[in-house]
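The entries follow in the order in which I made them.

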Amino acid sequence: MQTVFSTGGLHPRDSFKRWRDALDAEGSNVNLRQLDDAPFTAKVESGTVGALHIKRLSQSALRTEIRKPAASVQGREGMVTATFKLAGTSSSFQDGRDASVRAGDLYILDHRPAVLTTSAGAQAMFLELPRERFESVLGPIQLYTALPAGADLASTALATTFINELISLGHKLTPDSAVRMASIGIDLIVASIAERLAREIPRPLHGTVVVQRAKAFVEANLGDPTLDPPQLAAAVGVSLRRLQELFHERGQHISDWIWQRRLEAAAKRLADPSGTHVQIGAVAFGCGFASQAHFARRFKERYGMPPSEYRHAAFLSTA
């Protein structure tokens, strides 16, 4: 980790202004307010391990209001920030969720408006992570922003220990090993948030939430011809048998649901007047069918007519 900013050596009357200037230079759109009369101090360290971009921050008591992201950081909409609280206390507010955070806790923030309040001597570590790695398993990020996974969770302790060791030993890894280890670290963070979410959900609703996440994953991956029940179970973090049981309780079969959603998506595209130029084969492949013949057979079984006739009938009904 290399120091990229420090108020050390600055005159106390200049340190807070220099910190604001540093954030402005990064394109951050924030409103800052000191919470005590002590001289302001801040230090930022930065490092990279594989695809992980890591920052470590220590600072005085401060309220930070993150407003609409500035143009220079718009490219980060595909990323979220995992925050490990290292020392002190803080509170975080985003998506209507207000949480108190202590040393050892972990939480996620999106790159959208939020409010953070830190105590004197607060320290935290920030990791920029792909949003997709979370949403493919846990659903929309808004469900768990600012939700702390406490230090009392075994998964949080494991993730924290792993990331700290990875930072310490990252320089000894080959580039390929660093990428693999960073990927493992991300999975541990996702697992920690998943465990925290499981505590948040009343047990009678847990199965419903799992099914909802499974269906959300199907929607996001309809175009993948390899999507099948085992892959879906792995994506939502339950056994295939358990996922089958949950679907059966709702009168559904996993495979039937996947094919149903593929056919419904294909029918919607065929009926779209703006897509009449798209070949039927392209529609089939785009909805996860491995062959046009298989698509045509399944489609006729479901809708009683071939895809071409369905498109023509939809066109006549809107003409």
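Which side chain meets that of Arg242 in a salt bridge? I found that the partner is Glu245, with an N to O distance of 3.5 Å. I note that the model is a predicted one.

Entry on helix H7. I looked up where this pair lies: Arg242 and Glu245 are three residues apart in helix H7, which spans residues 240-249, so about one helical turn separates them. Arg242 has a relative accessible area of 30% and is therefore partly exposed. Glu245 is likewise partly exposed, at 33% relative accessibility.

Entry on a network. I then recorded that salt bridges with shared partners link Asp95, Asp110, Arg112, Arg131 and Glu135 into one network. One of these salt bridges pairs Arg131 with Glu135, and their closest N and O atoms are 3.9 Å apart. Both residues belong to helix H2 (residues 131-138); because they are four residues apart there, about one helical turn lies between them.

Is Arg131 buried or exposed? I noted a relative accessibility of 17% for Arg131, which counts as buried because the cut-off for buried is under 20%. Glu135, by contrast, is partly exposed, with a relative accessible area of 30%.

Entry on Arg63 and Glu65. I looked up a further salt bridge, between Glu65 and Arg63, in which the closest N and O atoms are 3.7 Å apart. Glu65 is partly exposed at 28% relative accessibility, and Arg63 is partly exposed at 24%.

I recorded the total for the structure as 15 salt bridges.

Note on methods: Residues numbered from 1 in each chain as written. Predicted model: local features only at pLDDT ≥ 70, side-chain atom pairs only at ≥ 80, totals over all residues. Heavy atoms only, no water. Salt bridge = Lys/Arg side-chain N within 4 Å of Asp/Glu carboxyl O. Buried < 20%, exposed > 50% of the residue type's maximum accessible area, 1.4 Å probe, protein only. Helix = DSSP H or I, 4+ residues; strand = E, 2+ residues; numbered from the N terminus.
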